[in-house]
Amino acid sequence: MDHSSNVRTAISISDVKVSLQRFGLPGVFIALCIFLTATSDSFLTVSNFFNVARQVSLIGIIGVGMFFVLVGGGIDISVGSLVALIGVVMAGLVVKSHLSVLLAVGLSLLLAATLGFINAYFVTKWRIPPFIVTLGMMSAARGFAFVYTNGYAVFGLPEGFKELGRGYIGSVPIPVIIMLAIVLLAHFAATKTKFGRFVYAIGGNEEAARLSGINVAFYRGATYVLCSMLAGVSGIILTSRLASGQPNSGVGYEFEAITAAVLGGTSLFGGEGTIWGVIFGALFMGVLGNGLNLLNVSSYWQLVIKGAVLVVAVLIDMLKKR
């Protein structure tokens with residue numbers, strides 16, 4: 001390739017980067033909303049808006065935890081299975097062990113933190129690749145969920161508990177309010193605290209962070225504990241919404257959480273991203289899924305389309321780094 005060809009290639013990549021930064025995801029999102037409004041009478045309605053918001057809240061909560069793990073240079077693919085395990089354990093503690101809902105929620109979140117600590121221990125102490133560690137946890141947690149329930153859903157939760165996933169405060173679904181509270185706290189932690197600054201530093205350059213005196217193992221491990229606990233919160237809300245603990249719930253949540261984070265600008269290579277970007281990415285995925293349902297696109301094709309969205313998001317992330 002001659003010099004002029006190299007120059008044209010460089011200019012072309014630069015143009016793509018500028019276009020993506022200016023118009024990328026927001027432009028696609030607006031175009032998607034306009035298209036769905038024109039093709040479906042049900043899309044632009046208040047009831048559908050709250051339906052999307054309620055669905056987005058679960059992925060948004062998990063996405064916040066995934067954000068910290070990704071920014072710190074890791075990844076956690078066990079969150080979908082943790083949603084199921086924490087959900088059935090919480091339901092079992094109430095229905096089978098007759099504990100109060102509040103105590104069952106506390107013990108379930110403690111279990112989620114413990115499982116996150118196990119992930120962190122093997123990632124930071126034994127330096128096993130995060131993908132392998134959390135892949136093992138994904139399988140083990142799903143297996144425990146089926147063992148604990150013998151493969152059956154746990155029914156019999158109190159009526160009042162169901163309000164957590166189905167109720168409203170004013171006209172806003174309670175899960176959305178919980179998500180917004182978590183988002184605000186996470187935004188503060190990411191931008192105003194030592195924890196946030198150190199996680200960004202570790203993801204940006206681990207060796208430099210270590211030489212600067214940052215306890216890399218501690219802060220990176222904390223992101224896995226936090227991610228697991230937020231998956232647990234999502235599992236408890238889902239259990240309330242379904243009025244039962246389902247061992248097969250949460251399938252694919254890890255995929256949607258990672259896609260939402262990357263779509264929102266969180267780098268798979270660590271050190272970059274914002275909480276608000278994650279929520280925007282979750283909203284994008286929620287609107288896309290809702291639109292595909294309204295257009296009666298089969299679930300098989302929906303998997304294909306969402307997979308393509310993830311690949312495009314990663315491609316955009318790589319182009320930004322060139």
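Predicted model: local features only at pLDDT ≥ 70, side-chain atom pairs only at ≥ 80, totals over all residues.
Helix α2 spans residues 46-71 and packs on helix α11, residues 253-263. The axes lie 8 Å apart, at an angle of about 65°. Angles of 65 to 115 degrees count as roughly perpendicular, so α2 is roughly perpendicular to α11. The crossing of α2 past α11 is right-handed. From α2, the contact draws on L58, I59, I62, G63, M66 and L70. From α11, Y253, E254, E256, A257, I258, A260 and A261 take part. By class, ten residues of this contact are nonpolar, one is polar and two are charged.

Helix α2 also packs on helix α8, residues 194-204. Here the angle is about 50° and the axes are 7 Å apart. That angle makes α2 oblique to α8. F67, F68 and V71 of α2 meet F195, V199, Y200 and G203 of α8. Six residues of the α2 contact with α8 are nonpolar and one is polar; none is charged.

Helix α6 covers residues 159-166, and its buried residues are F161, K162 and G165. These residues lie on the same side of α6, because they cover an arc of only 105° around the axis. An α-helix has 3.6 residues a turn, so residues three or four places apart point the same way. The exposed residues E159 and G160 sit on the face of α6 turned away from its buried side. The buried residues of α6 pack against α2, α3 (79-95), α4 (101-124), α7 (174-192) and α10 (216-242).

Conventions:
Residues numbered from 1 in each chain as written. Heavy atoms only, no water. Axes fitted to C-alpha atoms, helices over the stretch in contact; angles between N-to-C directions. Helix = DSSP H or I, 4+ residues; strand = E, 2+ residues; numbered from the N terminus. Parallel < 35°, antiparallel > 145°, perpendicular 65-115°, else oblique. Left-handed = near helix turned anticlockwise from the far one by under 90°. Contact = heavy atoms within 4.5 Å. Nonpolar A, V, L, I, M, F, W, Y, C, P; charged D, E, K, R; others polar. Buried < 20%, exposed > 50% of the residue type's maximum accessible area, 1.4 Å probe, protein only. Arc of directions from axis to C-beta.
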